[in-house]
Amino acid sequence: MNSQVAERFTNYYEKWMSQLEDLLKILLLVSRDSHQEAGYEAIVNKFTSHHKELYTIKWALADEDVLAFFHSVWLSPLENAYLWITGWKPSMAFRLVDTLSKSERQSGGSLRGITEEQVKKIEALRVKIGLEEERVEREMERQQVSVADRKMVELVKLEIQAKKNGSPEAVTKVNELVEVALKVMLAGLQKVMKMADSARLKTLKGVLEVLTPRQCVDFLSAMSMLQIQTRKWGLKKKSLLKH
């Protein structure tokens, strides 16, 4: 049975994805007009606001139930398989820039006119974000191995012993200690989730600052299409497995 937070975020995420599809349609329309500089900036701002809103809602709900975001029931198994600490991995954005840049050189398509200076800035950002990813992963590892700390092991023994002795007072006392330990564990997970989300937002902001408005439209279109299509493939696969 899903928690109330999971149900609320599921409803929100479905609407959010529907709005993303609408934004993608606008992105694709704007990208066809080479005289829409102001239009490029407006739609890019709408897109970034759309993503910031997602994290605002996510962080607010995580205060109630952070575990819901480590078991994303609103995503298909395929989408869940590619998650990096409750979301997309920041380095994926740099791979996308590389792919689009090669496409531009070969066919004059995506990321029109990307310069060597832009490529250098993207590479510097890649290194910076790579270090941040490593920090997040180290913190996640620290949280995971902390389950085997001496205090946790002793707490497990205490709970088993209290239930074995059948003392209501002892069981109540141990339950209180377990609640305290769980709060610490959940606070640690919430910290890691926010670190990962911050890395995602910094990546998006950093890439968009390097690219021109028109290139931003190309990049965001490709990023949105990947997210939307992966979801459609995942839901289709999930539906087939049920039959």
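1. In this predicted model, the lining of the second largest pocket is made up of ten nonpolar, four polar and three charged residues. The pocket itself holds about 380 Å³ of space, and of the 17 residues that line it, Ser146, Met152, Ala181, Val184 and Met185 are the closest to its centre.

2. As to which helices build the second largest pocket, helix 5 (116–145), helix 6 (150–165) and helix 7 (168–210) each supply at least two residues of its lining. Helix 7 gives the most to that lining, with seven residues.

3. The largest pocket has a volume of about 680 Å³, and 26 residues line it, with Tyr82, Leu83, Gly87, Trp88 and Gln227 lying nearest its centre. By class, the lining of the largest pocket divides into 15 nonpolar, six polar and five charged residues.

4. Helix 1 (4–31), helix 2 (37–62), helix 3 (77–81) and helix 8 (213–242) each contribute at least two residues to the lining of the largest pocket. Helix 8 gives the most here, with five residues.

5. Helix 2, which takes part in lining the largest pocket, packs with helix 7, which takes part in lining the second largest pocket; the two helices meet at an angle of about 175°, with their axes 11 Å apart. Because an angle over 145 degrees counts as roughly antiparallel, helix 2 is roughly antiparallel to helix 7.

6. On the helix 2 side, the contact is made by Val44, Phe47, Thr48, His51, Lys52, Tyr55, Lys58, Trp59 and Ala62, while helix 7 brings Gln190, Met193, Lys194, Asp197, Ser198, Arg200, Leu201, Leu204 and Leu208.

7. Is Leu204 buried or exposed? Its relative accessibility is 7%, and because buried means under 20%, Leu204 counts as buried.

8. Leaving aside residues up to four places away in sequence, Leu204 touches Phe47, His51, Phe219, Leu220 and Met223.

How values were computed
Residues are numbered from 1 along each chain as its sequence is written. This is a predicted model: local features need pLDDT of at least 70, side-chain atom pairs count only at pLDDT 80 or more; totals for chains, interfaces and linings use all residues. Side-chain values use heavy atoms; hydrogens and water are left out. On a 1 Å grid over the protein atoms alone, a cavity is a set of points where a 1.4 Å probe fits but cannot get out, and a pocket is an open set with protein on both sides within 12 Å along at least five of seven lines; lining residues have an atom within 4 Å of a point. Grid points are joined across faces, edges and corners, and a volume is the space filled by probe spheres set on the points. Helices (H or I, at least four residues) and strands (E, at least two) are DSSP runs, numbered from the N terminus. Ala, Val, Leu, Ile, Met, Phe, Trp, Tyr, Cys and Pro count as nonpolar, Asp, Glu, Lys and Arg as charged, and the others, Gly among them, as polar. Axes are lines fitted to C-alpha atoms, for helices over the stretch in contact, and angles run from 0 to 180 degrees between N-to-C directions. Angles under 35 degrees count as roughly parallel, over 145 as roughly antiparallel, 65 to 115 as roughly perpendicular and the rest as oblique. Contact means heavy atoms within 4.5 Å. Buried means under 20% relative accessible area, exposed over 50%, partly exposed in between (1.4 Å probe, protein chains only).
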